[in-house]
Amino acid sequence: METTLRGVGVSHGVAIGEVRHMGTAVLEPPAKQIPAQEAGREQGRARQAVDAVAADLTARGNLAGGEAQAVLEAQAMMAQDPELMADVDRRIAVGSTAERAVYDAFAAYRELLAGAGEYLAGRVADLDDVRNRIVARLLGVPMPGVPDSDHPYVLVARDLAPADTALLDPSLVLGFVTEEGGPTSHSAILARALGVPAVVALPGAVELGEGTVVAVDGSTGEVFVHPSEERKAELTAAAAARRAALAASTGPGATADGHKVPLLANVGGPADVPAAVAAGAEGVGLFRTEFLFLDDSENAPSEEKQIAAYRQVLEAFPEGRVVVRVLDAGADKPLAFLTPADEPNPALGVRGLRTLLDHPDVLRTQLSALAKAAEGLPVHLEVMAPMVADRADARAFADACRAAGLRAKFGAMVEIPSAALRARSILQEVEFLSLGTNDLAQYTFAADRQVGAVSRLQDPWQPALLDLVALAAEAARAEGRSCGVCGEAASDPLLACVLTGLGVTSLSMGAASLPYVRATLAKFTLAQCERAAAAARAADSAEEARSAAQAVLSGE
């Protein structure tokens, strides 16, 4: 009999197929003692396993490119963390086997992160994956990961490590469902980049039996267990209609009555550009530059290396708009040469612009590289700072841009509630705003974006979040400035209409979401979007806001 489960839809599309579970997690190694004379050999085994896992993660990143590459390179650095390896060596020296020493050292570090209040929960999941890979190699057992199968399937897991998500084969993995995670987790972002339907934060997902037939709707978050033939036909027809609408929708983003809403792409580096161009992106609304800095955690990239990478992206959008976010280091993106290792709460510490203002040479070099990369190109370059809190932050960033000789618009990201509340003040110093809805939700609701247990508070439909978006958009309109959204909220076609109704002037998202948003916006007038936005803000919960907006736009 058909039953319906509901999680959080994070990547559009429909998948119908049999359940396959992730490979079993590595078992805890036995705690046995080794003779003192074997310590050197065991330490060598541990080092070889760690280096092999780091090399594998880096290779996976190189194959995947873009956002995935940055995530996997960060995991590779985690595997070779000097303090962790020193702890492994100490444990082996007092009698532990290599595999047990790795297991215990990672467990101790995991407890340390958990003791910091779970602010680094996303990194805890990544840490577990690295540990499992190293221990598996030492034990000589298969790596945990995506199952082998000759037939397409729906992948089910408690959570998906970035290393697994990055290299999913869309011809075999029809879609995936996880019990943990949230709409802005690493896996959700990578799923959207791959164009694989996905539902996360689904209670009881891992209890679905192997081989069970499910139908996954990545738009609504519904998972139908043992779907009826009627349900399969309904979902298949809806998916076909959606594909037809996407194919028919081309050109610049606009509402049905011609109100222009530029649709831009979020990119993590040059590797993401071809997909953005193919999807009809009108430019780049968020160019994350972290990928360059993750290559070497001990040193910043040279100006020459930065110039070459930036120019690759700028050249892809002649006469288009490219918005570059300067380095956003700290919290879940630590860099040894920049960020302190002993912050008790990195998410609320020195990160983003705060880090760059503490290291003006790094900011100066990046701004100078951007200026030189844009020389001679007709591109409309815009540069923005992450984690701007107030007017003083905005002024400091604008002064740094001018000092570097940057001929571009200077902007501020709105990721902290104070920036939304005082947006008009900030706009006295900079020329545009860009709403990072992922972090804005995290800080508005005190809800870590990587923790599945608080995913409802990460829902971008939360009315309080919509209120902050409206405040920022109204301030920008009053000052004659632009205010875009570059967070994952823009990738939801229905929410894109609401954001337009709130006064947002551009929308930026992963390339795979662009056709969906373009087709949906074209169905409704600006007045309809404004009415939907008002209805959503009048609601008291995310679910009610979504339903209210849907009712307005469907004419109910």
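Arg45 is partly exposed, with a relative accessible area of 22%. Partly exposed means between buried (under 20% relative accessible area) and exposed (over 50%), using a 1.4 Å probe and protein chains only. This is a predicted model, where local features need pLDDT of at least 70, side-chain atom pairs count only at pLDDT 80 or more, and totals for chains, interfaces and linings use all residues. Residues are numbered from 1 along each chain as its sequence is written, and side-chain values use heavy atoms, with hydrogens and water left out.

Arg45 forms a salt bridge with Glu42. The closest N and O atoms are 2.9 Å apart. A salt bridge puts a side-chain nitrogen of Lys or Arg within 4 Å of a carboxyl oxygen of Asp or Glu. Both residues lie in helix 1 (residues 39-64), three residues apart, about one turn of the helix. Helices are DSSP runs (H or I, at least four residues), numbered from the N terminus.

## Glu42 and its other partner

Glu42 is buried, at 4% relative accessible area. Glu42 also pairs with Arg41 in a salt bridge, with 3.3 Å between the closest N and O atoms.

## A link across the sequence

Glu479 forms a salt bridge with Arg424, and their closest N and O atoms are 2.6 Å apart. Glu479 lies in helix 18 (residues 463-479) and Arg424 in helix 16 (residues 423-426), so the pair ties together parts 55 residues apart in sequence. Glu479 is partly exposed at 26% relative accessibility. Arg424 is partly exposed at 47%.

## Network and total

Salt bridges that share partners join Glu38, Arg41, Glu42, Arg45 and Glu99 into one network. The whole structure holds 30 salt bridges.

Conventions
Helices (H or I, at least four residues) and strands (E, at least two) are DSSP runs, numbered from the N terminus.
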